[in-house]
Structure formats: C-alpha cells, structure tokens
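Have the viewer ready and follow along.

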Amino acid sequence: MIRLKPDNTSCIFCEIVSKRADASVVYEDEKVIAFMDIHPLGEGHVLVIPKHHAEYVQELSAVQQKHLFSISNQIIKAQRAVGFGEKGTNILINDGKAANQRVPHVHVHLVPRTKGDLFSSAFRVLLHITGLMGMVTKRATLEEQAAAIRASLDQL
Ligand code: AMP
Ligand code: ZN
C-alpha cells in the first residue's frame, strides 16, 4: 500500500506515483519510480523517488535507501550508455526546504554533465534556486529520452 501525503495539500510526486499526473517514466518497480525532470538541469536529467511519501531521506529505512541508490546507479549506467553524462553526473539530493528542496518528497537528481557546460548548468541551477525554473521541456522530447534510457536499462 502506497502512503500518499497525509494532509490535504497535494504532492506532485505522489500524483505521478498514482498516475494522476503525467510523467515520462524511465523505470518503475514496487518501491521506486524514475522519470524525466520537466525542468532539466542538464539533458537527460532523471529523478528517482520512493513511491512511499517521505520528505526527508532519514524517513526511509536503510533498505529503502539502499534500493533507491542501487536503482539510481543502474540508471546512471543507462544514461551514460545513451550518451547522457558520459564524462560525469551530478547526483544530488536537496534534503529539506533550507537545502532548496521544492518538492517535499524525497528525490535523487541524476544530472548528466558535459565538458564545457558549466555556464549553462550554473544558469539552470540559478533558475531552480530562485524558483523561476525556466521553460518546461516538451513532453515529446522527454518521452524520447525516457524511451532511450529504458531501452538501455533493458540491455544492462
Ligand atoms: P528540488 O528543488 O530538489 O525539490 O527539485 C524538484 C525537481 O522536480 C525540479 O528539478 C523540478 O523541475 C522537478 N519537477 C517538478 N514537477 C515535476 C513534474 N511534474 N515532472 C517532472 N519533474 C518535476
Ligand atoms: Zn509525495
């Protein structure tokens, strides 16, 4: 049984878990779901979340944490195999509001980086921090990237 956020405010990630909101899904099992970030910090940016609603990493059991990171690691391999982050990835968790967490549901950001993208990457981080976020990436583009990563995961 998946616990949704236990108050009246909706959690967009719980909405994605329950399929009431759209997402370009890369991977899903009983415990976690991974999907393309709609305001990517880099091309191919994936978010990996527990299906169980929790705001802070510490609310997850050691087993849940291990699974979240193990799946994140597999997804990084799949991203690299299709050319996202071949030279490096930012693995990022904003754990709490003061740490710039805007969606209060644990998520691991897997942000593929490329050589020489410092300026554009820093600009996008600034948009996230200020809450401006920038343009959403077209659903068709996110679907295309998700399909490539999914196919690559199947080959691992
Ligand atoms: P954070 O600042 O760590 O809470 O990051 C939240 C992330 O969720 C941001 O990178 C957003 O672009 C992303 N995000 C918010 N809503 C959605 C959505 N509906 N689908 C995909 N990504 C989302
Ligand atoms: Zn939630």
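## A facing pair in the sheet

In this predicted model, Leu47 sits opposite His109 of β5. Their strands, β3 (residues 46-50) and β5 (residues 108-112), pair in the antiparallel sense over 3 bridges. Strands here are DSSP runs of E with at least two residues, helices are runs of H or I with at least four, and both are numbered from the N terminus; two strands pair if DSSP finds at least two bridges between them.

## The whole sheet and its helix

Those strands belong to an open sheet of 5 strands with antiparallel pairing, in the order β1-β2-β3-β5-β4. Because β1 (25-28) and β4 (89-92) are at the edges with a single partner strand each, one side of each has no neighbour in the sheet. On average, neighbouring strands are turned by 15° against each other, direction ignored.

Helix α4 (residues 139-155) lies across β1, β2 (32-36) and β3, at about 40° to β1. Axes are lines fitted to C-alpha atoms, for helices over the stretch in contact, with angles from 0 to 180 degrees between N-to-C directions; contact means heavy atoms within 4.5 Å.

## Gln101 in its loop

Now look at the loop between β4 and β5, where you will find Gln101. Gln101 is buried, with a relative accessible area of 8% (buried is under 20%, using a 1.4 Å probe and protein chains only). Its side chain reaches the backbone oxygen of Val103 at 3.0 Å. Beyond neighbours within four places in sequence, Gln101 is in contact with residues including Glu55, Asn94 and His107.

## Reading the numbers

Residues are numbered from 1 along each chain as its sequence is written, while chains are lettered from A and ligands numbered from 1 in the order in which they are written. Local features need pLDDT of at least 70, side-chain atom pairs count only at pLDDT 80 or more, and totals for chains, interfaces and linings use all residues, while side-chain values use heavy atoms, leaving out hydrogens and water.

Key
Buried means under 20% relative accessible area, exposed over 50%, partly exposed in between (1.4 Å probe, protein chains only). A polar contact is a pair of N or O atoms within 3.5 Å; within protein, one must be able to donate a hydrogen and the other to accept it, and residues adjacent in sequence count only if both atoms are side-chain atoms.
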